[in-house]
Amino acid sequence: MGTGHFFWVIFYFASLCSASLANNAKINFREKEKKVLDQILGAGKYDARIRPSGLNGTENLPTYVYVNMFLRSISKIDDYKMEYSVQLTFREQWTDERLKFDDIQGRLKYLTLTEANRVWMPDLFFSNEKEGHFHNIIMPNVYIRIFPNGSVLYSIRISLTLACPMNLKLYPLDRQICSLRMASYGWTTNDLVFLWKEGDPVQVVKNLHLPRFTLEKFLTDYCNSKTNTGEYSCLKVDLLFKREFSYYLIQIYIPCCMLVIVSWVSFWLDQGAVPARVSLGVTTLLTMATQTSGINASLPPVSYTKAIDVWTGVCLTFVFGALLEFALVNYASRSDMHKENMKKKRRDLEQASIDAASDLLDTDSNATFAMLRQCEVHMQAPKRPNCCKTWLSKFPTRQCSRSKRIDVISRITFPLVFALFNLVYWSTYLFRDEEDE
């Protein structure tokens, strides 16, 4: 056997011995970790039913629990049910003097447990929760870390559906504040106090995306409540959501404007085109009514008027007004026709009477006829000046019938009034302070 081969044999056996020693060291370390757990959580050692002592082991002070969370996602914000869903990692941290242990010269940084019932837990609950569940795939997403100084860190991943009362007066130009409230169920502030962790108690995932809202900001606060059984500690997070307006501009406001403008096409159609004008007016009216019904179907039946109600109501009124305008034009057209027939009959009668008089009077017929016309003029009542007629006389259609003038006036009046409404509407709701609501 050569010297080189002998060297490699010795090196191989040395490696096996070092690996065996390392494994034994790990086994010994895990054994020490098990002994530590048995020392602090063994039978008769620890009672999870008893609340930890207060600050510095003081018995008459409450237990302080520090809370922080990480918002992983916000899946939906439901306007109809007035709720929102959120998935978060929730953490609590407190000190339990009974759980102190030797860290084996800094080698044992903390102990990890997956069973929450092994230690005392704060009785926190979400007061505005509707539904909620834990995540158990592949294993339950929960852990408890016990540190050498007795500090306990509890972390769990949960999904919640929370109530969010909304004020929809400015919908869809509104902002909503949805809260997440956490409170103690049984322990009063004399025994248990929740506090926000210093620094950054609430964190939000960077790529948070909502289809119809934008999370503008969030605020942490306290909301302690007093009842007949005492005062209870409470924490809350206020999430300020701003509704994205571009969706509603494309889906609601622009189509409504187009329907109103289409209804004005009736003013340029001929007065005799009755089927075309009636069909146009009824079609736009039914389409506008269907649009309004679809909008209201996605919203709760609240008792106040929303901004979208004002918009759809006024647009529906304009479309209905265009249909009524045609009814007025049709009535005026028939009235003008009746008056024209009466004038024609009157002219025929006057001509017949003149012809009869000319036959009876052979002489001085011209003088007699002039005298009769002068008497007729003197018998007519003097006409008073009319401002509306004077204004209408400025139009090129001053010789047209009344029905035609109604169409001309409508072509100018309807767009001007609708433009004025838009000016008032947008200036009112875009620059309105929600605190005034």
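Student: Where is Met-82 placed?

Tutor: Met-82 sits in the loop between β1 (63–78) and β2 (83–95). Keep in mind that this is a predicted model. In it, Met-82 has a positive phi of about 55°, although it is not a glycine.

Student: Which peptide bonds are cis?

Tutor: Ile-138 belongs to the loop between β5 (129–134) and β6 (142–146). Another cis peptide bond joins Tyr-171 and Pro-172, where omega is about 0°. Pro-172 is in the loop between β7 and β8 (175–184).

Student: Okay, stepping back. How many helices and strands does the protein have?

Tutor: There are seven helices and 14 strands. The protein has 437 residues, and 34% of them count as buried.

Student: And what share of the contacts comes from residues 24 or more positions apart?

Tutor: Taking contacts with a separation of 6 or more, 76% are between residues 24 or more positions apart.

Student: Is Lys-197 buried, exposed or partly exposed?

Tutor: Lys-197 is partly exposed, because its relative accessible area is 39%, which falls between the 20% and 50% cut-offs.

Student: What about Leu-61, where is that?

Tutor: Leu-61 is in the loop between α1 (3–41) and β1. Beyond four places in sequence, Leu-61 is in contact with Arg-51, Gly-54, Leu-55 and Asn-190. At 33% relative accessibility, Leu-61 counts as partly exposed.

Student: Gln-93 came up as a contact of Lys-197. Which side chain makes a polar contact with the side chain of Gln-93?

Tutor: That would be Ser-151, at 3.2 Å. Ser-151 lies in strand β7 (residues 151–163). Apart from neighbours within four places, Ser-151 is in contact with Gln-93, Trp-94, Thr-95, Arg-145 and Ile-146.

Student: Why does Ser-151 count as buried?

Tutor: Ser-151 counts as buried because its relative accessibility is 9%, and the cut-off is under 20%.

Student: Now the core. Which residues of the largest nonpolar core touch the most other members?

Tutor: Met-69, Tyr-84, Phe-90, Leu-180 and Met-182 do, out of the 78 residues in that core. Its largest share, seven residues, comes from helix α4 (residues 307–360). The core also draws at least three residues from each of domain 1 (32–243) and domain 2 (246–336 + 401–436).

Student: Pick Met-182. What does it touch?

Tutor: Beyond four places in sequence, Met-182 touches Val-67, Met-69, Phe-90, Leu-124, Phe-125, Phe-126, Trp-196, Ser-233, Cys-234 and Leu-235.

Student: Trp-196 is on that list. Is Lys-236, which also touches Trp-196, buried or exposed?

Tutor: Lys-236 is buried, with a relative accessible area of 15%. Lys-236 is in strand β14 (residues 234–243), and its contacts include Leu-180, Arg-181 and Asp-221.

Student: Switching to helices. Which residues of α3 are buried?

Tutor: Arg-277, Gly-281, Thr-284, Met-288, Thr-292 and Ile-295 are. In an α-helix there are 3.6 residues a turn, so residues three or four places apart point the same way. Helix α3 (residues 274–297) has 24 residues and reaches 35 Å from its first C-alpha to its last, close to the 34 Å expected.

Student: Last one: which residues does UniProt list for "transmembrane region"?

Tutor: The unreviewed UniProt entry lists residues 6–25, 245–269, 310–333 and 412–431. In the model, residues 310–333 are 100% helix and 0% strand, with the end C-alpha atoms 34 Å apart. Residues 412–431 are 95% helix and 0% strand, and their end C-alpha atoms are 29 Å apart.

Definitions and conventions:
Residues numbered from 1 in each chain as written. Predicted model: local features only at pLDDT ≥ 70, side-chain atom pairs only at ≥ 80, totals over all residues. Heavy atoms only, no water. Helix = DSSP H or I, 4+ residues; strand = E, 2+ residues; numbered from the N terminus. Buried < 20%, exposed > 50% of the residue type's maximum accessible area, 1.4 Å probe, protein only. Polar contact = N/O pair within 3.5 Å; in protein donor to acceptor, adjacent residues only side chain to side chain. Contact = heavy atoms within 4.5 Å. UniProt positions renumbered as here; feature names shortened; annotations may be inferred. Expected span 1.5 Å × (residues − 1). Core = buried A, V, L, I, M, F, W, Y, C linked by side-chain atoms within 4.5 Å. Domains from an automatic or database assignment.
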